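Please read them with the sequence and the coordinates open.

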Amino acid sequence: SVQDRSPQHELVVVANRLPVDSRTLPDGATEWVTSPGGLVTAMESVMRTVESGAWVGWAGSPGEAPDPFDADGMRLYPVRLDQSDVERYYEGYSNATLWPLYHDVIVDPEFHRGWWDSYLSANRRFAAAAAPVAAPGGTIWVHDYQLQLVPRMIRDKRNDVRIGFFNHIPFPPVELFSQLPKRNSILRGLLGADLIGFQRESDTLNFVASVRRLLGYHVDGTTISVPGIGAAPVREVQVETFPISIDSAAVSALTEDPEICERAAELRRELGDPEKVVLGVDRLDYTKGIRHRLKAWGELLDDGSIDPHDIVMIQVATPSRERVEAYRQLRDEVELTVGRINGEHAPIGRPAVSYQHHSFDRREMTALFMAADVVLVTALRDGMNLVAKEYVASRPDLQGVLVLSEFAGAADELRAAVLVNPHDIDELKAAILRSLAMPPEEQEDSMRSLRHQVMENDVQAWAHHFLERLETSQTPDSEDAPL
Ligand code: ADQ
């Protein structure tokens, strides 16, 4: 309730978005719908074990923030973002500066000073919402590139709490990171945490190298010594790799649902019962390599290596960041290419590429994975890529082939996939043909090994592992400790 003046939460999660979406009903009232993303699933199992958990984030529409409320056993604290914050902090600095820079400048990052000012003030608002609601000695876990200044901002207000930060996207090599205006403020912001986690080992090493090179701090392995201001003592910050995962058991269990099995069979019938179905599932993002995939597919059709009567490709491209220019351009290009491929190759009445520009629920997504003989994950750069893991979890029958870019974080763990460099179109074409021709026994060997990896390392284990490490990191000073 609003009368709750001094809330005390053992664990506070801070992320750009709350785990719920607001929906306006016909009568103008607001309804909250849980958005079951990976992070929500991961935290659900952790939140169940703490007496009192909280989540701080934006509710998804610009303007006044709703009052705090309870959902799914947690207290949610909405943060206000005005229209100009959405344009400059979120679409601007987060998604048109940091996102392309952190993904190896696949498109040019834009640098605008006004965007930075908004990033700073929005980060302050998230920190100001999170700091007062953590219990003394409690834990605050900050997520992702939109909130890199928050750890330090919380540290400045609360020296008694443990602060963790996890970056869901890659951390770039120091040569690229150095281009970022205000780069040192970003590093100092992150170093307010006790534990900083990354998806893959190379991200951890890139971050540590940037701290050493740009701030000159002492580094011992992956322990960074952050000098105190004035007489304050040196603080040790741990940097570690925590590859994120999915709720593997839940995904795998869906494949036993008779309705979903029937839907998988129906999908194949709807496509005209082709011999093989090839699937891509991505947010419509330039990091995902959708253009490279379509280029390879178009050439395989052009040179007759693939007969569109026998083999169909489904490309699911979820609408994403549609107000950012690079995303509008990408959508136009992808849709032009799909149109051309279909115009040249599709038999009458059925597609060569079935293109789906919308969202699907979990059940339909599982049916798609079950219907797919080959899944193509051709990201040019990706923190992890959960689609790769979802496909593996959806194949307890041990059939199907995963083609996986070595530039996706998942490639560090999923060694038994058909690994590719998606920039090499010839290599990509050869990998697709090899996958389409792979004998069932070979598919089984590789899928068994992939499943072992994905089923053993689920998102619940990921969250527990991170929080366990955070608990054993340097004990924070209590507020009244003598200086
Ligand atoms: P994303 O870039 O969003 O995540 P990804 O890891 O593939 O990428 O997760 C996408 C999720 O959305 C998957 O669960 C997928 O099934 C779902 N999805 C995609 N299209 C959909 C559709 N049309 N309908 C319904 N669901 C759809 C960021 C990083 C990744 C990192 C994750 C988690 O960029 O590298 O793996 O965070 O840390």
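1. Basis. This is a predicted model, in which local features need pLDDT of at least 70 and side-chain atom pairs count only at pLDDT 80 or more, while totals for chains, interfaces and linings use all residues. Residues are numbered from 1 along each chain as its sequence is written.

2. Overall form. The protein has 16 helices and 18 strands; helices (H or I, at least four residues) and strands (E, at least two) are DSSP runs, numbered from the N terminus. The C-alpha trace spans about 75 × 55 × 40 Å along its principal axes. For 483 residues, a compact globule would have a radius of gyration near 23 Å, and the protein agrees with 23 Å. That radius is taken over C-alpha atoms, and the globule rule is 2.2 Å times the number of residues to the power 0.38.

3. Of the 483 residues, 46% are buried. A residue is buried if 20 or more other C-beta atoms lie within 10 Å of its own, exposed if 12 or fewer, and partly exposed in between, with C-beta atoms placed from the backbone. Among contacts with a separation of 6 or more, 74% are between residues 24 or more positions apart; two residues are in contact if their C-beta atoms, placed from the backbone, lie within 7 Å.

4. The sheet of 10 strands. This open sheet has mixed pairing and the order β5-β6-β4-β1-β7-β8-β9-β12-β11-β10. Two strands pair if DSSP finds at least two bridges between them. β5 and β10 (218-220) are the edge strands, each pairing on one side only. Neighbouring strands are turned by 25 degrees against each other on average, direction ignored. For angles, axes are lines fitted to C-alpha atoms, for helices over the stretch in contact, and the values run from 0 to 180 degrees between N-to-C directions.

5. The β5 end of that sheet. β5 (residues 69-71) runs antiparallel to β6, with 3 bridges, and Ala-71 stands opposite Met-74. The two strands form a hairpin with 2 residues between them, and Asp-72 in the turn has a positive phi of about 50 degrees. On β6, 5 of the 6 residues (74-79) are buried. β6 also pairs with β4 (residues 53-58), here in the parallel sense over 6 bridges; Trp-58 stands opposite Val-79.

6. β10 pairs with β11 (residues 223-226) in the antiparallel sense over 3 bridges, and Asp-220 stands opposite Thr-223. Helix α16 (residues 459-471) packs on the sheet and touches β7, β8, β9 and β12, with its direction at about 140 degrees to that of β8. Helix α4 (residues 150-157) lies across β1, β7 and β8, running at about 175 degrees to β8.

7. The sheet of 6 strands. This one is also open, but its pairing is parallel, in the order β15-β14-β13-β16-β17-β18. Its edge strands are β15 (353-356) and β18 (418-420). β17 (residues 401-405) and β18 pair over 3 bridges, with Ser-405 and Val-420 as bridge partners. α13 packs on this sheet, touching β13, β16 and β17, and its direction makes about 165 degrees with that of β17. Helix α14 (residues 425-436) lies across β13, β14, β16, β17 and β18, at about 170 degrees to β18.

8. The ligand shell. Which residues are closest to the ligand? They are His-168, Thr-318, Gly-383, Met-384 and Leu-386, out of 18 residues that surround the ligand; a residue is near a molecule if its C-beta atom, placed from the backbone, lies within 6 Å of it. β13 (276-283), β14 (311-318) and α13 (386-393) each give two or more residues to the shell, and the largest share, 3 residues, comes from α13. By type, the shell holds 9 nonpolar, 6 polar and 3 charged residues. Here Ala, Val, Leu, Ile, Met, Phe, Trp, Tyr, Cys and Pro count as nonpolar, Asp, Glu, Lys and Arg as charged, and the others, Gly among them, as polar.

9. Helix α13. The buried residues include Lys-389 and Glu-390.

10. Two loop residues to check. Asp-104, in the loop between α2 and α3, has a positive phi near 60 degrees. Asp-104 is partly exposed because 14 other C-beta atoms lie within 10 Å. Leu-398, in the loop between α13 and β17, also has a positive phi near 60 degrees. Leu-398 counts as partly exposed, with 16 C-beta neighbours inside 10 Å.
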